[in-house]
Amino acid sequence: MWLCAMHNETDSSVDLRLCQDFGLILSVFSLVYLLVCFPLGLCYNVLLVVVNLSNKVSMTMPDVYFVNMAVAGLVLNLVAPAELLSSAFTRWHAWEYSNEVYITMLILFNISSLVIMYSTTLLSLDYYIERALPRTYMSSVYNTKHVCGFIWGGAVLTSFSSLLFYVCNHISTKMVECSKMQNKEAADAIMMFIGYVVPAVAVLYAFVLILRIRKESTPLDQDSARLDPSIHRLLLASVCVQFVLWTPYYLTLLVHTVAPGYVGDALYFLRCLSKLLAFSSSFAMPLMYRRMNKNFSSKLQRLLRRLHCREQSCPHERSTVQQVVT
């Protein structure tokens with residue numbers, strides 16, 4: 001690892017050995033992720049997207065948000081191998097990427113993190129709206145699809161400001177405009193506030209409202225609750241998992257913002273490990289959705305029957321069509 005190469009002969013052998021141990025642990029974790037977590041995340045994210053998009057009629061508001069998170073997970077799956085096989089994460093690295101590639105991967109990583117965090121946040125708020133006002137259709141599938149489009153647009157625009165700081169931090173200081181913006185800490189502070197603080201406050205507020213409405217049973221709740229009761233457990237689990245996996249990464253951004261001059265083996269190791277945990281959200285979320293969503297299995301079975309009956313009209317398909325017509 002490059003950080004161990006910074007040690008010189010004046011450093012103690014204990015520090016060098018500790019750095020090498022950190023590098024070995026990080027290398028093992030990276031390879032385990034690439035061999036186990038990466039293929040699982042890739043397969044289940046693709047499966048989640050394909051199954052739901054092939055059953056658009058039966059999609060609910062939470063399904064749209066989880067599809068949105070699955071697409072962001074696929075972007076993380078694209079970035080993970082390129083970064084984990086570099087010298088920053090493993091001793092047995094396959095390549096060294098340039099500054100341009102580093103900035104591209106960082107922007108894709110930031111966009112994915114923003115999409116995942118804000119999809120989780122808006123899922124919490126829309127779940128409250130669905131429970132409080134079940135007949136208004138404010139959190140309908142149609143509206144949610146447009147909201148997810150705005151999430152991606154907002155993530156790109158937010159990452160653009162950070163992109164300016166990162167680009168100017170890697171190019172020549174002779175450019176006056178960029179010499180004033182060579183501040184990586186500012187980019188980290190932007191991501192920390194917009195990518196973590198705002199979603200955390202919004203999710204906390206949404207959960208307070210959800211707990212309040214669960215205690216106060218209303219006639220609307222008893223009359224028509226359009227969401228499956230298992231959605232509440234899925235929502236709670238998804239929020240907890242996302243914040244557990246992403247909090248260490250944003251804490252390292254906070255440390256780098258507060259103490260920009262501090263560079264050490266332990267901090268570098270923790271930052272890489274926290275980023276590895278963030279990558280893990282790309283496979284933890286679809287696995288949890290697959291296990292906790294009761295309708296996913298039936299959607300998958302319908303998709304498989306449809307693929308099997310593509311060449312010929314199946315009896316159960318004809319009977320379903322006749323029932324719909326009558």
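This is a predicted model: local features need pLDDT of at least 70, side-chain atom pairs count only at pLDDT 80 or more; totals for chains, interfaces and linings use all residues.
Residues are numbered from 1 along each chain as its sequence is written, and side-chain values use heavy atoms, with hydrogens and water left out.

Let me begin with the overall fold. The protein has 12 helices and 0 strands, these being DSSP runs numbered from the N terminus (H or I, at least four residues, for helices; E, at least two, for strands). Of the 326 residues, 43% are buried, where buried means under 20% relative accessible area, exposed over 50%, and partly exposed in between, with a 1.4 Å probe and protein chains only. The accessible surface comes to about 17100 Å², and carbon and sulfur atoms contribute 67% of that; the areas come from the Shrake-Rupley method with a 1.4 Å probe, and for residues only the protein chains shown count as cover. Among contacts (heavy atoms within 4.5 Å) between residues at least 6 apart in sequence, 80% join residues at least 24 apart.

I turn now to helix H9. It comprises 29 residues, 230–258, and at 1.5 Å a residue it should span 42 Å; the expected span is 1.5 Å times one less than the number of residues. The end C-alpha atoms of H9 are 41 Å apart, which agrees.

Which side chain does His256 meet in a polar contact? His256 belongs to H9, and its side chain pairs with that of Asp188 at 2.7 Å. His256 is counted as buried because its relative accessible area is 16%. Beyond its neighbours within four places in sequence, His256 touches Lys184, Glu185, Asp188 and Arg271.

In helix H4, residues 99–132, we find Val101. Val101 is partly exposed, at 37% relative accessible area. Between Val101 and Glu83 there are 9.8 Å, C-alpha to C-alpha, and the two are 18 residues apart in sequence.

Finally, the cysteines. Cys148 is buried at 6% relative accessibility, and Cys272 is buried with a relative accessible area of 6%. The structure holds 0 disulfides, a disulfide being a pair of cysteine sulfur atoms within 2.5 Å.

Conventions. A polar contact is a pair of N or O atoms within 3.5 Å; within protein, one must be able to donate a hydrogen and the other to accept it, and residues adjacent in sequence count only if both atoms are side-chain atoms.
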